[in-house]
Amino acid sequence: MKKAKILAQIILAGCLLGYPAFLLSKNPTNMHHAIKCLADNAYHEARGEGPAGMQAVIEVTLNRVQSGKYKPYICSVVYQNKQFSWTNKPKNASRKPKNASRKPKKAPRSSQNLWEVPEYQYSLRVAQKALEGNLELMLDKDVIFYHNTKVHPIWNRKMQFRGKIGNHLFYSN
């Protein structure tokens, strides 16, 4: 009962700040799923970027939800095909990689123990604050694109550069 009340308050706060309830979740019991989707995205896209980088990824995700150019739910935006690199399926996933016989240097963290990782805990707190409306926004609402400085996509030539945070460059139409 207490969890449902807290989730309902988060949705109400989000609505008061301009995030319509239907963008956040279909019902309060799914609000935790929206927070987790935002946190997962921030962690996987910007875990090495520090607090500002994680917040920027969360803001871009919410900006996309509100833009009308993407699906109207947070998790739908996060898992939309070819939008965020960590959700993309690897090319030729069925083929065995050339270095498959080598032992990996370090095993990747599984989603089961992510809850113990400090960066992930931080991303959860920022995601919740964003939906509660308790974040001072760094990006304008029209900033819905970004990429890592290590890549040079063709699409960014058509966009207006809006700034750099950590190793990410941010754009609007």
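## Sheet

Two strands pair if DSSP finds at least two bridges between them. In this predicted model, three strands build an open sheet, ordered S1-S3-S2, with antiparallel pairing. S1 and S2 stand at the edges. Each has a single partner strand, so one side of each lacks a neighbour in the sheet. Neighbouring strands are turned by 30 degrees against each other on average, direction ignored.

Five bridges join S1 and S3 in the antiparallel sense. Tyr-146 has Phe-170 in S3 as its bridge partner. Helix H4 (residues 50-67) lies across S1, S2 and S3. H4 runs at about 135 degrees to S1.

## Overall make-up

The protein chain has six helices and three strands. Along the sequence the pattern reads α-α-α-α-α-α-β-β-β. Of the 173 residues in the protein chain, 38% are buried. Take the contacts between residues at least 6 apart in sequence: 59% of them join residues at least 24 apart.

## Aromatic pairs

The whole structure holds seven aromatic pairs. One of them is Phe-84 with Tyr-146. Their ring centres are 6.2 Å apart and their planes stand at 40 degrees, so the pair counts as tilted. Distant parts of the chain are linked here. Phe-84 sits in the loop between H5 and H6, and Tyr-146 sits in strand S1 (residues 143-148), 62 residues apart. Both residues are buried.

Phe-161 and Tyr-171 make another pair. The centres are 5.8 Å apart and the planes meet at 70 degrees, so this pair is edge-to-face. Phe-161 belongs to strand S2 (residues 160-165) and Tyr-171 to strand S3 (residues 168-172), so the pair ties together parts ten residues apart in sequence. Phe-161 is partly exposed, at 47% relative accessible area. Tyr-171 is buried, at 6%. Ring pairs also join Phe-161 and Tyr-171 with Phe-145 and Trp-155 in a cluster.

Glu-45 lies in helix H3 (residues 31-46). The residue is buried, yet has no salt bridge. Its nearest side chain of opposite charge is Arg-64, 8.0 Å away.

What does Glu-45 contact, leaving aside neighbours within four places in sequence? The partners are Val-57, Phe-84, Ser-85, Trp-86, Tyr-146 and His-168. Among them are Phe-84 and Tyr-146, the two members of the tilted ring pair.

Gln-83 is placed in the loop between helix H5 (74-78) and helix H6 (118-132). At 26% relative accessibility, Gln-83 is partly exposed. The cut-off for buried is under 20%, so Gln-83 does not count as buried.

Beyond neighbours within four places in sequence, Gln-83 touches Arg-64, Tyr-70, Val-77 and Asn-88. Gln-83 and Phe-145 are 62 residues apart in sequence. Their C-alpha atoms are 9.3 Å apart in space.

## Salt bridges

Side chains of opposite charge can pair when their charged atoms come close. The structure holds three salt bridges. One joins Lys-36 and Asp-40, with the closest N and O atoms 2.8 Å apart. Both residues lie in helix H3, four residues apart, about one turn of the helix. Lys-36 is partly exposed, at 29% relative accessible area. Asp-40 is buried, at 6%.

Arg-162 takes part in a salt bridge with Asp-140, at 2.3 Å from N to O. Asp-140 lies in the loop between H6 and S1, and Arg-162 in strand S2, 22 residues apart. Asp-140 is partly exposed, at 43%, and so is Arg-162, at 30%. Arg-162 also forms a salt bridge with Asp-142, the closest N and O atoms being 2.9 Å apart. Asp-142 lies in the loop between H6 and S1, 20 residues from Arg-162. Asp-142 is partly exposed, at 39% relative accessible area. Through shared partners, Asp-140, Asp-142 and Arg-162 join into one network.

Note on methods: Residues are numbered from 1 along each chain as its sequence is written. This is a predicted model: local features need pLDDT of at least 70, side-chain atom pairs count only at pLDDT 80 or more; totals for chains, interfaces and linings use all residues. Side-chain values use heavy atoms; hydrogens and water are left out. Helices (H or I, at least four residues) and strands (E, at least two) are DSSP runs, numbered from the N terminus. Buried means under 20% relative accessible area, exposed over 50%, partly exposed in between (1.4 Å probe, protein chains only). Contact means heavy atoms within 4.5 Å. Rings of Phe, Tyr and Trp (its six-membered ring) pair if their centres lie within 6.5 Å; planes under 30 degrees apart count as stacked, over 60 as edge-to-face and the rest as tilted. Axes are lines fitted to C-alpha atoms, for helices over the stretch in contact, and angles run from 0 to 180 degrees between N-to-C directions. Lys and Arg count as positive and Asp and Glu as negative; His and the chain ends are not counted. A salt bridge is a side-chain nitrogen of Lys or Arg within 4 Å of a carboxyl oxygen of Asp or Glu.
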